[in-house]
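Open the model in your viewer and keep the selection panel at hand. The tour begins at the ligand and then moves to a pair of helices.

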Amino acid sequence: MGERRRSWAEPYKIKMVEPIRMTTREAREAAIQEAGYNSFLLRSEDVYIDLLTDSGTSAMSDRQWGKLMVGDEAYAGARSFYRLVDAVHDIYGYEELIPTHQGRGAEHILSQLLISEGDFVPGNMYFTTTRYHQEAAGGTFVDVIVDEAHDPTSLFPWKGNVDLDKLKALVDEVGADRIPYISVETNVNMAGGQPMSMANLRATHEYCSSVGIPVMLDATRALENAFFIQQGEEGYADRPIAEILREICSYSEGATVSSKKDNLVNIGGFLAVRDEDLARRARAMLVAFEGLHTYGGMAGRDMEALAEGIREMVDTDDHVRARVGQVQYLGGKLIDAGIPIIRPVGGHGVFLDAAAILPHIPQDEFPAAALTAALYVDSGVRGMERGIVSAGRDRATGDHHRPKLELVRLTIPRRVYTQAHMDVTAESVIEVFEHRDQVGGLRFTYEPDELRFFQARFEPV
Ligand SMILES: *Cc1c(COP(=O)(O)O)cnc(C)c1O
């Protein structure tokens, strides 16, 4: 044995704790009813293990907490801003930084700047807010992810890949001048945290460059993607994570990042680009929608903690190894128990295949939402629906978008829960699975027009 640890065990020890409480089934039944059977509407106090999202739920390090004290809150030209510029440049490689309050702030600015009415924006699957901003800017999102991404039984390791034939077909059909950029997401969230290969990203960038289409990354989860490349792609096993991450970004003209994920902070995000002129135009919008160009949507102290988090996430390879290792641990337990989940297990969570678990519930009765509610009632574990409710309605026809996947996402916050919490989660999923015939469908009592999954309310059918 060399230096490599045998297990993915956490590369930190716990210095401070936040108590959580286990509630009774009766209390959880009341709470889920009160919440309209929508896990987004539960109070976190009523949740035992919160796997709703890994967004903004990371535990910061003692070094990050220390940085909060040295934040420079100057309105213009804050020292903390320049520290953040340096961190993004050193770790991601982009020269121009536009700080935003979170990822969607960056998506809003990028979409408004580059997309015109009638444009097409290809992407490797969609992310909810990303597609929302593309459509709000007048664009039409076109899915160009490989077919394997939509097949929960496929073990293909690179389900995040762009299908170049689909992309070329779109370019042939509408012309490159109607495509302002391709939106390439690393470790595709909605596909289950599935990575793309470096070879595919390189080929996508090469093709796009040849037809004059910029590649804009959603680099929110690029760190986790880098880990899968190191583990599984030929030629990368001995390359440090930091280097792989830099190479990923090298195949793009810019990126939007939600810092609430890989970057280990509770709030923040950025748009980063190489082109000075685009950056100038972005800053003009930033002032209108977020804040002055040297703080955008963040306090000085938040920029300090973010700069530290960006460096910390790649300081050694141990952080990402433990982060993804914990996710794989939970996934492995469920696979061993015969629970239908998306495979391979992705980078940030385990995705239960609700359509396979609850075949008796038609898609129009929201099987993934029903399973999420049932899991909460069983154990106080909070997951998230990622199925027909999240997909929303088609603007033209008014009908539901009908995704091929009905998933319940159990997302693991970074550096927050222990292996014992993963065990409890697995036990509860198995319990619900064993009594799955008792889970019924749901119907809307309130359906919002936009991003309906956040505020929708349901009742049992
Ligand atoms: C979370 C997320 C976003 C949106 O970022 P927010 O900070 O929540 O606004 C965009 N893309 C991906 C892949 C994400 O995971």
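Select the ligand first. It is surrounded by 14 residues, the closest being Gly103, Arg104, Asp218, Ser258 and Lys261 (a residue counts if one of its heavy atoms lies within 4 Å). This is a predicted model: local features need pLDDT of at least 70, side-chain atom pairs count only at pLDDT 80 or more, and totals for chains, interfaces and linings use all residues. Residues are numbered from 1 along each chain as its sequence is written, and side-chain values use heavy atoms, with hydrogens and water left out.

Colour the shell by class. One residue is nonpolar, six are polar and seven are charged (Ala, Val, Leu, Ile, Met, Phe, Trp, Tyr, Cys and Pro count as nonpolar, Asp, Glu, Lys and Arg as charged, and the others, Gly among them, as polar). Helix α4, residues 103-114, gives the most to this shell, with three residues (helices are DSSP runs of H or I, at least four residues, numbered from the N terminus).

Next, show the side chain of Ser258. One of its polar atoms lies 2.6 Å from a ligand oxygen. For Arg221, the distance from a polar side-chain atom to a ligand oxygen is 3.1 Å. The protein covers 97% of the 380 Å² of accessible area that the ligand has on its own (Shrake-Rupley method, 1.4 Å probe).

Now select helices α1 (residues 25-34) and α14 (residues 367-379). They pack at about 150°, with axes 7 Å apart (axes are lines fitted to C-alpha atoms over the stretch in contact; angles run from 0 to 180 degrees between N-to-C directions). That makes α1 roughly antiparallel to α14 (angles over 145 degrees).

How values were computed:
Helix = DSSP H or I, 4+ residues; strand = E, 2+ residues; numbered from the N terminus. Parallel < 35°, antiparallel > 145°, perpendicular 65-115°, else oblique. Polar contact = N/O pair within 3.5 Å; in protein donor to acceptor, adjacent residues only side chain to side chain.
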